[in-house]
Amino acid sequence: MDAVRLIVTSRRALAGGGGAREIMTEVWQAQALAQAIGSRLAVAGPPELRGEALGLTELAGRGCGVLDTPRLAPEDLRAAQLTDLGDARQALLGLGGLLGEVGIALVGLACAADDEGTYWQCMEAIDAADESRDRVRDMLRKLADREEVLPEREAG
C-alpha cells in the first residue's frame, strides 16, 4: 500500500479515539509508519533528503521504543504494509500532519494519566513525535529548495 493511504488510515484510526490503550497503540503505529517512511526515503529517496530521512528513522524508532509495544497481528502492522512511497512531498505533508496529531493525542493522555509511568512515557513520546515532525519539515524545505533549483538549471 502506498504511504499516503497508510497515513490517512492512521490519521482516521487515531481520530477514532477509544481508550488510552487504543490511543497508545495508534501512536505506536504512527511512529512505526514514520520509521518505515524514513527508512524508505533514506534508501531510495531524493539524495538531498537521505540524511534527514535517516534521522527521522532513528527518531521514530525512539518514539516506538519509549512506548509499550502493542500486540498486533502481522497483517495489522501498517508499517509492514508500506510498499510504495509515491510522491515524497505528499507523503511528507501527510506524515507531518499525522505526527502533529500524535503529539496532541499524547498531551491528552498525559493530562489524564493516573500514574507517573504513563505520564512520563507520554512525555518522552511527545518529544520523539515533535522531533520527528521537525525532521519532516526540514525534508519538505529541502524538497521545496530542490524544486526551485531544478527550473533554474533547465533554463540555463
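A contact means heavy atoms within 4.5 Å of each other.

**Figure 1. Contacts across the protein chain.** The model shown here is predicted. Among contacts in the protein chain with a separation of 6 or more, 82% join residues 24 or more positions apart. Buried residues make up 43% of the 156 residues of the protein chain.

**Figure 2. The helices of the protein chain.** The protein chain holds five helices and zero strands. Read from the N terminus, the order of its elements is α-α-α-α-α. The C-alpha trace spans about 65 × 30 × 25 Å along its principal axes. The radius of gyration of the protein chain is 16 Å, which agrees with the value near 15 Å that a compact globule of 156 residues would have.

**Figure 3. Gln29 in helix α2.** Helix α2 covers residues 20-44, and Gln29 is part of this helix. Gln29 counts as buried because its relative accessibility is 2%, and buried means under 20%.

**Figure 4. The surroundings of Gln29.** Leaving aside residues up to four places away in sequence, Gln29 touches Leu72, Asp76, Leu77 and Arg78. With Asp76 there is also a polar contact: the side chain of Gln29 reaches the backbone oxygen of Asp76 at 2.9 Å.

**Figure 5. Surface and charges of the protein chain.** The side chains of the protein chain include 17 positive and 26 negative ones. Between the centres of these two sets the distance is 4 Å.

Key: Residues are numbered from 1 along each chain as its sequence is written. This is a predicted model: local features need pLDDT of at least 70, side-chain atom pairs count only at pLDDT 80 or more; totals for chains, interfaces and linings use all residues. Side-chain values use heavy atoms; hydrogens and water are left out. Helices (H or I, at least four residues) and strands (E, at least two) are DSSP runs, numbered from the N terminus. Buried means under 20% relative accessible area, exposed over 50%, partly exposed in between (1.4 Å probe, protein chains only). A polar contact is a pair of N or O atoms within 3.5 Å; within protein, one must be able to donate a hydrogen and the other to accept it, and residues adjacent in sequence count only if both atoms are side-chain atoms. The radius of gyration is taken over C-alpha atoms; the globule rule is 2.2 Å times the number of residues to the power 0.38. Lys and Arg count as positive and Asp and Glu as negative; His and the chain ends are not counted. The place of a charge is taken as NZ of Lys, CZ of Arg, CG of Asp or CD of Glu.
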